[in-house]
Amino acid sequence: MTEIPRAGRWPTLHLNPGVCDYSSFAPMLCSRKGPGLSMYLYHFLCFGFRYSVLPDFCMLSSRVRLIPRTVRLVHSLIYNSCHSSMDLKALLCSLNDFASLSLAESWDNVGLLVEPSPPHTVNTLFLTNDLTEEVMEEALQKKADLILSYHPPIFRPLKHITWKTWKERLVIRALENRVGIYSPHTAYDAAPQGVNSWLAKGLGVCTSRPIHPSRAPNYPTTGTHRVEFSVNGTEDLDKVISAVKRIADVSVTSFSTRTDDEEQTRISLNCSQEALIEVVAFLSQSRQFYQKTEILSLEKPLLLHTGMGRLCTLDESVSLATMIDRIKRHLKLSHVRLALGVGRTLESPVKVVALCAGSGSTVLQGAEADLYLTGEMSHHDVLDAASQGINVILCEHSNTERGFLSDLRDMLGAHLENKINIILSETDRDPLHVV
């Protein structure tokens with residue numbers, strides 16, 4: 001293949017008649033000489049890889065123009081040349097920086113669920129909402145090195161790994177093909193840029209806050225309680241500090257104070273719930289200490305914009321019918337399930353929406369809103385909400401989550417500095433359909 005000087009705005013390619021060899025086209029794109037890189041590669045990069053040589057025309061003309069069309073071969077050629085790879089451990093650290101697993105609920109099973117023998121290099125990260133056998137087959141065909149499955153495919157403990165059940169087969173196929181499996185689940189629910197924030201985007205212009213805010217997991221303060229009391233005299237002070245330091249899970253600080261013109265030492269203990277019982281038992285032996293004891297319950301500080309669910313207040317209220325249309329468009333659904341609140345109609349105004357992606361019964365319970373939006377709720381929880389005049393919209397569990405993956409792909413691409421190839425599953429879908 002040789003290059004022909006351009007006659008018009010865009011250059012053309014010359015191929016030998018009857019021959020369509022992409023392998024000869026690739027060096028021209030990657031060449032550092034002449035217009036090879038500056039013209040063709042630049043054009044591919046700037047216009048989203050939407051130009052390629054069509055094999056259908058190779059037999060018809062020795063001069064083939066670059067014409068608009070999405071062709072995966074050329075997309076892969078250019079895209080892969082722009083990405084390198086990451087070691088699995090480095091990638092996991094970056095994913096944790098993006099959304100810490102400490103934000104996940106205590107009952108959840110998050111993080112790396114299946115790990116190939118190290119070292120393991122990740123070139124392609126495959127995103128899916130649910131990891132089914134069909135999705136696994138797609139991931140293997142697309143040469144995935146790590147699958148990020150929003151829902152953990154391993155939730156309850158597995159007692160054996162055989163070919164008997166589909167979840168066991170997922171583990172076997174992953175290990176046989178050296179593919180890791182990672183699940184963030186509720187860590188991405190709570191994250192400021194996570195699933196619930198994405199779901200709120202479909203409501204219209206609004207302000208939102210978490211219904212159940214998360215607390216800082218690594219705040220420097222240790223223990224669950226702080227115990228403070230005063231000690232008179234140096235001799236008593238040494239005995240007291242020596243005694244409390246022998247109690248496990250207790251940290252001690254002291255500082256001088258002055259009360260009623262008398263010098264005293266204030267003792268402050270941070271301790272666990274279990275240690276608190278021993279501390280109180282020790283202090284109760286001395287009336288002087290016990291009567292001046294203060295016990296404070298310690299809490300970690302709240303994290304801004306982080307937590308389960310979202311309470312969204314619209315800048316301008318809209319009718320329930322309008323809100324239904326917005327939700328359908330955002331989730332790309334033709335149908336949703338609606339329970340009208342007592343005394344409400346489709347024309348009733350909606351100003352405040354409480355939402356929770358997935359299953360929202362526990363998170364939404366007690367939230368004061370005009371509308372509850374979630375994937376699924378129990379029958380009785382729907383009845384309870386409707387009896388209070390709260391409308392309920394149910395969209396099926398994963399329909400309130402799956403659309404987030406498109407945003408996640410872009411965010412992770414930027415967070416990982418485009419070091420790896422990130423692709424979305426095309427076979428992942430909600431298992432329920434309206435028929």
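## Exercises around a buried glutamate

Glu401 counts as buried, at 2% relative accessibility (buried means under 20% relative accessible area, exposed over 50%, partly exposed in between, with a 1.4 Å probe and protein chains only). A word on the ground rules: this is a predicted model, where local features need pLDDT of at least 70, side-chain atom pairs count only at pLDDT 80 or more, and totals for chains, interfaces and linings use all residues. Residues are numbered from 1 along each chain as its sequence is written, and side-chain values use heavy atoms, with hydrogens and water left out.

**Exercise 1.** Place Glu401 in the fold and find its contacts beyond the neighbours within four places in sequence.

*Solution.* Step one: look in the loop between β23 (391-394) and α15 (404-415), and there's Glu401. Helices (H or I, at least four residues) and strands (E, at least two) are DSSP runs, numbered from the N terminus. Step two: set aside those neighbours, and Glu401 touches Asn129, Tyr150, His151, Val195, Trp198, Ala357 and Gly358 (contact means heavy atoms within 4.5 Å).

**Exercise 2.** Work out which residues the UniProt "binding site" annotation covers and how they sit in space.

*Solution.* First, the unreviewed UniProt entry lists His151, Asp189, His397 and Glu401. They spread over 251 residues of sequence yet cluster in space, with a largest C-alpha distance of 13.3 Å. Then check the largest pocket: His151, Asp189, His397 and Glu401 are in its lining. One caution: UniProt positions follow the numbering used here, feature names are shortened, and annotations may be inferred rather than shown by experiment.

**Exercise 3.** Describe the lining of the largest pocket.

*Solution.* Begin with the term: on a 1 Å grid over the protein atoms alone, a pocket is an open set of points with protein on both sides within 12 Å along at least five of seven lines, and lining residues have an atom within 4 Å of a point. Now count: 36 residues line the largest pocket, and His151, His185, Ser359, His397 and Glu401 lie nearest its centre. Finally, ask who supplies them: β21 gives the most, four residues.

Methods:
On a 1 Å grid over the protein atoms alone, a cavity is a set of points where a 1.4 Å probe fits but cannot get out, and a pocket is an open set with protein on both sides within 12 Å along at least five of seven lines; lining residues have an atom within 4 Å of a point.
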